Amino acid sequence: MLIRKRKGWEIPEREATPESVYCRRREILLGAGFLGLEGLVPAAEGKRPLYPAKRNPEFTLDRPVTEEWAATGYNNFYEFDPQDKQAVKDKVGSFVISPWKMEVTGLVHKPKTFDLDDLLDMFPLEERLYRMRCVEAWSMAAPWTGFPFSNLVKLVEPKAEAKYVRFWSASKPKEMPGMRSTPWYPWPFFEGLRMDEAMNPLTMMVTGVYGKPLPKQNGAPVRIVTPWKYGYKSPKSIVKIEFVTKEPPTFWNKLQSSEYGFYSNVNPHKPHPRWSQASEKVIPNMERRPTLLYNGYEKYVAGLYNGKEF
Ligand code: MTE
């Protein structure tokens with residue numbers, strides 16, 4: 001009788017991870033709340049861990065980093081709740097962020113639809129400490145993880161006629177209760193940058209914060225961060241990017257053009273029609289401090305403008 005002795009590495013089929021579970025392992029880990037473990041998954045597969053990424057020492061702050069609970073618990077993400085910033089984190093549960101596709105199209109030589117996992121493998125991630133200033137006057141400072149957006153732009157090779165970049169956030173009304181409660185808004189959320197703004201070294205494509213993948217309320221799985229502009233110029237949960245010739249329309253400008261311009265660069269001297277922008281309130285304690293021109297990033301961006309674009 002032939003008795004086959006099982007090798008050390010062999011396991012019975014009934015103990016093997018079912019294929020359906022294996023393929024969704026990132027989602028399952030995330031869903032189970034093992035956010036911290038997510039970055040370890042590639043390590044287990046022999047790849048480098050994505051988070052925490054090495055900090056880029058060039059970007060320093062003039063204030064402490066906002067505590068994680070505050071930055072992930074006070075959010076503007078109208079698709080989930082257009083009124084209560086503290087409720088957003090409790091309304092993102094049904095938002096499916098894996099698998100995620102992001103289409104890059106328009107006036108480029110190499111249009112491409114990225115699977116988020118491929119995008120993460122494509123460019124080295126780094127951590128940067130940035131100030132964030134909302135047009136409503138609250139502010140924070142966060143350790144974002146991502147890569148310079150210019151890396152992605154170069155990869156798709158824009159044509160000479162490409163002068164602006166358009167962004168679209170996800171539109172999933174079944175998963176986004178704020179979209180359902182505000183059908184009069186021109187959903188999905190859309191934003192734009194001029195090409196030189198998009199290529200500026202400060203403009204970051206962000207996939208993580210606080211050394212972990214982005215929480216859904218902060219714009220998972222991929223967003224833009226432009227720290228010299230008011231926060232709405234940093235669209236969350238991006239599904240489409242298009243290179244175009246003309247200045248694109250933007251969500252808040254379309255809703256209220258007298259209050260929200262295309263450029264929206266942080267400027268303490270230009271009040272919002274309904275409130276001053278001279279000072280800001282730092283979350284969570286809301287203590288006031290003076291607003292900085294271009295949110296303190298003048299040396300990086302002042303050369304982009306002739307002094308009129310605010
Ligand atoms: N992106 C989408 N899709 N929807 C939004 O409502 N709000 C913007 C911006 N990006 C918003 C968005 C505003 S007003 C701000 S201040 C920042 O996201 C807030 O980002 P945070 O929640 O990570 O602080």
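This is a predicted model: local features need pLDDT of at least 70, side-chain atom pairs count only at pLDDT 80 or more; totals for chains, interfaces and linings use all residues.

A: Let's begin with confidence. In the protein chain, pLDDT (the predictor's confidence in each residue, from 0 to 100) is highest in strand 9 (residues 223-225), at 99, and lowest in helix 3 (residues 35-38), at a mean of 43. Helices (H or I, at least four residues) and strands (E, at least two) are DSSP runs, numbered from the N terminus. Over residues 1-15 the pLDDT is below 50, and this stretch has four contacts beyond near neighbours in sequence; contact means heavy atoms within 4.5 Å.

Residues are numbered from 1 along each chain as its sequence is written, and side-chain values use heavy atoms, leaving out hydrogens and water.

Now for the core. A nonpolar core is a set of buried Ala, Val, Leu, Ile, Met, Phe, Trp, Tyr and Cys residues joined through side-chain atoms within 4.5 Å. The largest one has 83 residues, with Trp144, Phe149 and Leu152 among those with the most contacts inside it. Strand 4 (residues 138-148) gives the largest share, five residues. Leaving aside neighbours within four places in sequence, Trp144 touches residues including Glu126, Tyr130, Met204 and Val225.

Next comes helix 7 (residues 149-156), where Phe149, Ser150, Leu152, Val153 and Val156 are buried (under 20% relative accessible area, 1.4 Å probe, protein chains only; exposed is over 50%, partly exposed in between). They lie on the same side of helix 7 because they cover an arc of only 160° around the axis, taken from the directions from the helix axis to the C-beta atoms. Just after helix 7, Glu157 takes a positive phi of about 55°.
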